[in-house]
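Q: Please take me through this model one topic at a time, starting with the strands.

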Amino acid sequence: MLKRLCARAFPRALWVYHANTGACNGCDIEVIDVLTPYYDAERFGIRLVGSPRHADVILVTGPVTRQVAPALRRLLEAVPAPKLVFAVGSCACGGGAWFDSYSVLGGADRVIPVDYYVPGCPPRPEAILHGVALALGLVEKKVAGEALRQETIEELAMGVSRFGGGRDATP
Amino acid sequence: MLLSKLREALICFGAGRVTLPYPAAPREPAPGFRGKIQVDADLCFGCGGCAHVCPAGVIQVEDAAQLTRVLEFHWSRCTYCGRCEEVCPEGAIRLTSQFETATDRPQDMVIRLEVFMGPCQRCGRCFPPPTPLERMTAAGFRHGGDGGRA
């Protein structure tokens, strides 16, 4: 019964442990901003907790530095089993401007499996809320990978363009 | 003491609702906001100036074939500085106001653009710009009275 209750409660209330892995504090301030009454992520059941053992979600900001990477791995092990990892900010998503730096591993997904990415430098509070709502299934995803190409000279010579003047957006 | 608490409660009742109805109602960013990049495939001619100035190395240029140049925009690490938009001579890159870019797949944060490079009429190969100054201009450098910043 407790198991069923947990399964029902999990999508309603996500307790978040915020891990700064070398961020510049820009993303951290936006994360705090999301928790204020103006944006109010607590209406979705989001709450910051002080220990990873209480958390369902780890929210990673910052490119993972060499120093903090083992601690981040241990932190993920400390979170009980149904767990999500959010990468907030360009640094956590792909390393940011430090993606190939010697002291940085380049993104949270190099160290731990990431479930949701919220790019932005820093992301707007609305963008973080959108990521939260995406995880809760309240909104649709609005980005997709794009593959664009121009016509080759043969296609131009034939006078037919399969690609509609160079635009071919395939999700 | 008690009166002050009551006064505080009254102030709280009078304040009304401050929370934004955000995910339910749209909220536009301020004008001038720089969001996700958008690439116009018709305008790009593959000079690679954007890749040269990008501080985060978002744009990777690869000459896949003799007449095909592939530009890959891994914008997950984009810092939205807008330098690519500034240096693009054709205005092919634009920073839109889209900020709702949360996703669960890293492949969603890649734009791949295959540019057809114009070849030489005689030998059929792509040719570099003839003078060093033109080459620098094509690579994104701008020379002017502002110390080369713009």
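A: In chain A, strand β4 (residues 84-88) is joined to β3 by 5 bridges, and these two strands run parallel. Strands (E, at least two residues) and helices (H or I, at least four) are DSSP runs, numbered from the N terminus, and two strands pair if DSSP finds at least two bridges between them. Please note that this is a predicted model, in which local features need a pLDDT of at least 70, side-chain atom pairs count only at pLDDT 80 or more, and totals for chains, interfaces and linings use all residues. Residues are numbered from 1 along each chain as its sequence is written, chains are lettered from A and ligands numbered from 1 in the order in which they are written, and side-chain values use heavy atoms, leaving out hydrogens and water.

Q: Which residue of β4(A) is the bridge partner of A:Val57?
A: The partner of A:Val57 in β4(A) is A:Leu84.

Q: And how many bridges join β1(A) to β3(A)?
A: There are 5 bridges between strand β1 (residues 15-20) of chain A and β3(A), and this pair runs parallel.

Q: What do β3(A), α3(A) and β4(A) make?
A: With helix α3 (residues 69-78) of chain A, the strands β3(A) and β4(A) make a right-handed β-α-β unit. Right-handed means that, with the strands pointing away from the viewer, the path from the first strand over the helix to the second runs clockwise.

Q: Why is β3(A) described as largely enclosed?
A: Strand β3 of chain A (residues 57-61) has 5 of its 5 residues buried, so the rest of the structure largely encloses it. Buried means under 20% relative accessible area, exposed over 50% and partly exposed in between (1.4 Å probe, protein chains only).

Q: Which residues cover each face?
A: A:Val57, A:Leu59 and A:Thr61 lie on one side, with A:Ile58 and A:Val60 on the other, and all are buried. In a regular strand, side chains alternate between the two faces of the sheet.

Q: Turning to the helices, how many residues of α5(A) are buried?
A: Of the 11 residues of α5(A), 10 are buried, so the helix is mostly covered. Its buried residues pack against α2, β4 and β5 of chain A. Among them are A:Ile128, A:Leu129 and A:Val132. Just after α5(A), A:Gly137 has a positive phi of about 80°.

Q: Where is A:Pro122 found?
A: A:Pro122 is in the loop between β5 (116-118) and α5 (125-135) of chain A.

Q: Which phi does A:Asn25 have?
A: A:Asn25 is not a glycine, yet its phi is positive, at about 85°. A:Asn25 sits in the loop between β1 and α2 (26-34) of chain A and is partly exposed, with a relative accessible area of 43%. A:Asp40, also not a glycine, has a positive phi of about 55°; its place is the loop between α2 and β2 (47-48) of chain A.

Q: Now salt bridges: how many does the structure hold?
A: Over all chains there are 11 salt bridges, a salt bridge being a side-chain nitrogen of Lys or Arg within 4 Å of a carboxyl oxygen of Asp or Glu. One of them joins A:Arg124 to A:Glu126 at 3.7 Å, N to O. A:Arg124 is buried at 14% relative accessible area, and A:Glu126 is buried at 1%.

Q: What does A:Lys142 form with B:Glu100?
A: A:Lys142 and B:Glu100 form a salt bridge whose closest N and O atoms are 2.7 Å apart. A:Lys142 lies in the loop between α5 and β6 of chain A and B:Glu100 in the loop between β4 and β5 of chain B, so the pair joins two chains. A:Lys142 is partly exposed at 47%, whereas B:Glu100 is buried at 14%.

Q: Which residues does B:Ser76 contact?
A: Apart from neighbours within four places in sequence, B:Ser76 is in contact (heavy atoms within 4.5 Å) with A:Ser90, A:Cys93, A:Gly94, A:Pro119 and B:Met109. B:Ser76 is buried, with a relative accessible area of 11%.

Q: Finally, what pLDDT does chain B average?
A: Chain B averages 83, and 84% of the residues score at least 70; pLDDT is the predictor's confidence in each residue, from 0 to 100. For the complex, the predictor gives an ipTM of 0.80 and a pTM of 0.80.
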